Amino acid sequence: MSQTTLKRSLNLPLFTLYGLGNILGAGIYVLIGKVAASSGLFLPIAFFVASIVAAITACTYAEMSSRFPHSAGEAVYLQQGFNLQWLSVLVGLLIATGGIVSAATMARGFAAYFNVFLSWPAVLIMALLIVILALVSIWDITKAVAIAALFTILEILGLCIIIGVGADKLSALPQRLPELIPAADFVVWQGIFLGAFLAFYAYIGFEDMVNVAEEVKSPRKTIPRGIVLTIILATFFYMLIAIIAVLAVPIEQLADSDAPLAMIYQQSTGNKPVIISLLGMFAITNGILIQIIMASRILYGMSKEGWLPSILGRLHPGTRTPIISSTLVAGIILLLAASLPLESLAKATSYIVLIVFTLVNMALILIKRRDPRPRGVTLFPMWLPVSGLLLCLSLIAVEIYANISSWAFTPTPFH
């Protein structure tokens with residue numbers, strides 16, 4: 001009797017839109033203000049630094065996905081690199097947990113946006129949203145990703161609207177360019193790297209692309225191309241919007257805003273940002289749907305490897321999607337969405353993902369030393385994973401140093 005397998009139905013355009021939906025989610029709609037609070041007018045530089053770290057590590061993922069085109073991405077990569085099953089299981093669970101926590105946080109954000117239009121209980125809004133998206137993810141991977149692709153187009157439309165209404169501000173760029181170029185000053189660059197640490201959260205998502213590897217057509221070629229193309233397109237949007245943001249809005253107002261794109265729209269047009277709020281809801285919805293798909297595929301892939309209970313690898317015979325894993329993921333998201341605090345989510349997620357990226361870069365270095373030129377695989381030079389390793393560690397070190405410094409120099413109150 002043949003075993004049911006995942007359905008290979010994603011081509012390069014769909015796979016790239018899936019990746020863009022992963023990256024261009026809630027992060028860009030809410031994070032620019034927080035990055036500006038650390039980096040000030042050097043906001044575009046902070047995003048550029050984050051893009052370099054993301055792009056180099058994306059090349060590592062591209063080669064890994066070409067070498068091992070399987071679900072459970074990082075868990076498989078670390079097993080191949082370190083041959084330590086406990087480390088592979090731990091990292092796989094960390095990635096799935098990060099996706100689940102992000103989805104829960106986004107669900108709370110969706111409820112807040114929804115209440116702008118209709119005042120419903122937050123728990124009811126989140127429950128309906130998560131149940132619907134879980135059913136969509138179980139229904140059919142092609143249809144789920146097609147819906148995610150539609151939402152991605154709406155997200156991109158929102159970003160294009162911001163670029164359109166702020167385009168006239170770009171005429172001031174030549175005049176203001178000198179104040180946007182940082183000096184060779186430690187304090188200035190510390191702020192930029194702290195901003196880059198937060199901005200990196202906005203790039204998180206390309207690594208999730210490898211977790212649908214068994215549902216991609218010609219994965220050894222499609223996945224590397226899709227990952228690289230996704231990073232290039234995301235960087236284009238981020239850099240352009242970051243430049244418009246610092247030109248259009250006073251940096252103090254931008255830093256205090258929880259909805260910076262809405263602020264840019266309102267100040268640029270004089271109109272209420274209804275359309276941007278609606279598109280922000282689509283962006284959040286897309287982010288949750290993709291996180292459900294990603295986390296459920298990690299649990300499925302780890303079960304298939306024998307690292308988790310076999311029930312999590314059970315596929316629906318009709319839709320050929322991991323129904324048990326998807327249901328479990330949706331249930332945990334709903335549970336966390338009702339109680340999870342929003343504070344420091346971006347930093348916590350960046351810490352987790354940068355640690356995982358460090359390990360994946362290390363794993364590829366070891367694998368390339370053992371097997372430098374396998375046939376039929378997309379290969380990148382050794383300096384890329386080495387650079388990715390050092391850059392990830394550098395961002396982590398800067399953030400830890402800043403936290404230690406703030407603790408050390410915070411005055412202790414006397415009683």
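This is a predicted model: local features need pLDDT of at least 70, side-chain atom pairs count only at pLDDT 80 or more; totals for chains, interfaces and linings use all residues.
A residue counts as buried when its relative accessible area is under 20%. For E63, the relative accessibility is 0%.

The two residues are also paired. E63 and K368 form a salt bridge, with the closest N and O atoms 3.2 Å apart. E63 belongs to helix α4 and K368 to helix α16, so this pair ties together parts that are 305 residues apart in sequence. E63 has a further partner in R67: their side chains meet in a salt bridge of 3.0 Å, N to O. This second pairing is local. R67 and E63 are four residues apart in helix α4 (residues 43–67), and therefore about one helical turn separates them. R67 is buried as well, because its relative accessible area is 8% and the cut-off is under 20%.

The search of the whole structure found four salt bridges. Another of these joins D168 and K169, where the closest N and O atoms are 3.6 Å apart. K169 is partly exposed, at 23% relative accessibility.

V377 is located in the loop between α16 (345–370) and α17 (383–408). Its relative accessible area is 15%, so V377 is buried. With neighbours within four places in sequence set aside, V377 is in contact with E63, S66, R67 and R220. R67 and V377 are 310 residues apart along the chain, yet their C-alpha atoms are separated by 5.8 Å.

Nonpolar packing was examined next. The largest nonpolar core holds 126 residues. Within this core, F47 and F206 touch the most other members. Helix α11 (residues 219–248) supplies the largest share of the core, with 16 residues. The contacts of F206 were listed without residues up to four places away in sequence. On that basis, F206 touches I23, A54, T57, A58, Y61, I227, I231 and F357. A second core is separate and has five residues, including I56, C59, F380 and L384.

In summary, the model contains a 126-residue largest nonpolar core and a separate core of five residues. V377, a buried loop residue, is in contact with both E63 and R67.

Note on methods: Residues are numbered from 1 along each chain as its sequence is written. Side-chain values use heavy atoms; hydrogens and water are left out. A nonpolar core is a set of buried Ala, Val, Leu, Ile, Met, Phe, Trp, Tyr and Cys residues joined through side-chain atoms within 4.5 Å. Buried means under 20% relative accessible area, exposed over 50%, partly exposed in between (1.4 Å probe, protein chains only). Helices (H or I, at least four residues) and strands (E, at least two) are DSSP runs, numbered from the N terminus. Contact means heavy atoms within 4.5 Å.
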